[in-house]
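Open the model in your viewer and keep the selection panel handy.

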Protein chains: 2
Amino acid sequence: MAFVESIVDRVRQVTGDQRVSLHEPSLKGNELAYVTECIQTGWVSSVGSFVDRFECDLARYTGAAHAVVVSNGTSALQIALHLSGVQPDDEVLVPALSFVATANAVRHNGAWPHFVDSEARTLGLDPQALDAHLDSIGERRGNHLYNRRTGRRISAVVPMHTFGHPVDMPTLSAVAARHGIVIVEDAAESLGSFLEGLHTGNFGACATLSFNGNKIVTTGGGGAIVTNDAELARRAKHLTTTAKRPHAWAFFHDEVAYNFRLPNLNAALGCAQLERIEVFIEAKRELAKRYAGAFAGFDGATLFLERPGTRSNYWLQTLILAPELAERRDEILQAANAAGLMTRPVWELLNTLPMYRECPAARLPVAEDLARRIVNLPSSPQLAGAA
Amino acid sequence: MAFVESIVDRVRQVTGDQRVSLHEPSLKGNELAYVTECIQTGWVSSVGSFVDRFECDLARYTGAAHAVVVSNGTSALQIALHLSGVQPDDEVLVPALSFVATANAVRHNGAWPHFVDSEARTLGLDPQALDAHLDSIGERRGNHLYNRRTGRRISAVVPMHTFGHPVDMPTLSAVAARHGIVIVEDAAESLGSFLEGLHTGNFGACATLSFNGNKIVTTGGGGAIVTNDAELARRAKHLTTTAKRPHAWAFFHDEVAYNFRLPNLNAALGCAQLERIEVFIEAKRELAKRYAGAFAGFDGATLFLERPGTRSNYWLQTLILAPELAERRDEILQAANAAGLMTRPVWELLNTLPMYRECPAARLPVAEDLARRIVNLPSSPQLAGAA
């Protein structure tokens, strides 16, 4: 009881005495100007200068050679997995502690998610636990890895940078190479997060971003595939734009493909948002500092902070409850939300959802523990100075 | 030669002496005001009042009980087919004369397109030819129809209302009922087109719309599922919004689902566009009259006009070349486009595209003939008075 009240009070020390949502976009830059330009020129749809510019801007910002923008992060991951060689009935290793889209994108390829554990120091996939798990259930045949229990090929692993905190990619890269599997990074939450000076998304075959309304940069809805592989980028563009061969008038499409285009109207929003990303990140880093201060010396919970060697975008501020408070998590959420402070738990572990219950899974002690102890706090950049 | 020049001249009589595109959106109503409202209030993303309003407005306008807006017409059709009972490895009857998305949406369900012929009086699927084809290759087993040649179940038929001209739905409904297959209408091109007083999209289990940039009403990119079946609508909403169960904070998703949401920003554009649809249609009908006048008494080509009992939205103006001019179609396209008049042929027949060549197909004499003789003319409503 005292603990619950104390947590709510400490959050309110930072947010002030107002109702606050979990994450609100800040649209005070060139958003209106660029969107107005789209409407006044008539270029609102599937091609346009903002689509081209947003792709260039994203490539420049992430340091990836190529970016292909699409309608959302789930569709981006679906295509990224396909282009990285995932075949129907393969298994793809994904953290149980992730948003449901990570697993859905695997199923949209006809493949099966195979859930693995996370580590407490990154909140993301644990490469060493993965290594041990693959040693125990995996079997190399030629260049491919198979799951000895199910007989299915394990073709890829999808690290997801939880709340903007980078997974330990150097270790994961070594593990993936050792077992012969491809890395596709789900960087939906980590635009602006760096690891050893390299932007997340540059450690695998390709990576995916999301620009949903609650993300650090929004296009309303949208996503992107980023990659350093020119051929993969070319294929991604072709497959997400109906696979039409260029021609002055003929409609010749050369493979089964998708309409996953990001409209120019939405790309315009993205260009304006990306201009201000460093402002948002500075504000979020300041907000983390304030929350960390408010919880300093408190036994019941600590703010999750970036690891040395990383720069987190601090997309969602994350409180880790002390183990003995795990059972009171819902009480804390109830009290905070009742007080007008929008907070939420992390996702239900994916292996516990009805459609994924029968899928293969490693032992998940850390993910299970974290799932009971994470509380996300109000995280809008406006709470720490960004307009 | 004289024929080619004469056709270009007659088009120019209508368009005037300017460069004209095939179809440009007109965004002079409340588009900017509504989009500005989204940006100023911060409601640009996957939920918002324009999403709700656009769904209500679409239901009211089409006369369907329910509308669920999604990210585009292809995704709408993918979900509509799934919810109408199409299973992986089924066959779905689709006109060979359609945009590639009609067949892609079938493949996205793991099912196979089975191509059927069109009729010259509607440009759409020929129900009588279909009936004869199914008599010849179909076999009823219990409540289901099977293709005797492939052994696969034939579960649905997808009439597509070409360029806004309604398919003969009463005859098709009788044929579908006789053979035990479901109708899913691809009404991507026919928002505003009516048949015997009923809006297209109200003749099957459900129907899909598209709001791509070239459509009569645009959201940049977008689509919708319309239906009179409340349960199907509820399922469509659930499946296209990650299947999350409503809860104050918990992330509980109860099936493999999609992120096919239409952002509020795009729905705002749609609301403004739909306010003006009758203005656009009146202009397009006037444009058809002018083209028909310009080609009156000309032997080489005639403008395709709506059938009695229908009101077409005249989305794309359609010239049908005389049979003896079919071979000169590309010359005509070349001359018109060189003169700044954007014209185009109809789509390559879907059964001729590399990925669909091996799919089952009926005899397609009419589609093959039409594919050689159709030329679409500049069709923007601005060409006949709409601002």
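Start by selecting the two domains of chain A: their C-alpha centres, those of domain 1 and domain 2, lie 25 Å apart. Domain 1 of chain A covers 2-26 + 277-384, and domain 2 covers 31-275; these bounds come from an automatic or database domain assignment.

Before going on, some housekeeping: this is a predicted model, in which local features need pLDDT of at least 70 and side-chain atom pairs count only at pLDDT 80 or more, while totals for chains, interfaces and linings use all residues. Residues are numbered from 1 along each chain as its sequence is written, and chains are lettered from A and ligands numbered from 1 in the order in which they are written.

**Stop 1: between the domains**

Colour the place where the domains meet: 36 residues of domain 1 of chain A are in contact with 45 residues of domain 2 of chain A (contact means C-beta atoms, placed from the backbone, within 7 Å). On the domain 1 side, select helix 10 (277-294), strand 13 (310-311) and helix 12 (365-373) of chain A, the elements that give two or more residues to it. Helices (H or I, at least four residues) and strands (E, at least two) are DSSP runs, numbered from the N terminus. Which helix gives the most to this side of domain 1 of chain A? Helix 12 of chain A does, with five residues.

**Stop 2: between the chains**

Now show both chains: 52 residues of chain B are in contact with 52 residues of chain A. On the chain B side, helix 2 (31-41) is among the elements that give two or more residues, and its five residues are the largest share.

**Stop 3: a tryptophan in chain B**

Zoom in on B:Trp315, in the loop between strand 13 (310-311) and strand 14 (317-321) of chain B. Is B:Trp315 buried or exposed? B:Trp315 counts as buried because it has 26 C-beta neighbours inside 10 Å (buried means 20 or more other C-beta atoms within 10 Å of its own, with C-beta atoms placed from the backbone). Not counting residues up to four places away in sequence, B:Trp315 touches B:Phe163, B:Gly164, B:Glu189, B:Ile216 and B:Ser379.

**Stop 4: a three-stranded sheet**

Finally, select the open sheet of chain B, whose three strands run in the order 9-8-13 with antiparallel pairing (strands pair if DSSP finds at least two bridges between them). Strand 9 (198-199) and strand 13 of chain B are at the edges with a single partner strand each, so one side of each has no neighbour in the sheet. Strand 8 (residues 194-195) of chain B pairs with strand 9 of chain B over two bridges.

Technical notes: Two residues are in contact if their C-beta atoms, placed from the backbone, lie within 7 Å. A residue is buried if 20 or more other C-beta atoms lie within 10 Å of its own, exposed if 12 or fewer, and partly exposed in between; C-beta atoms are placed from the backbone.
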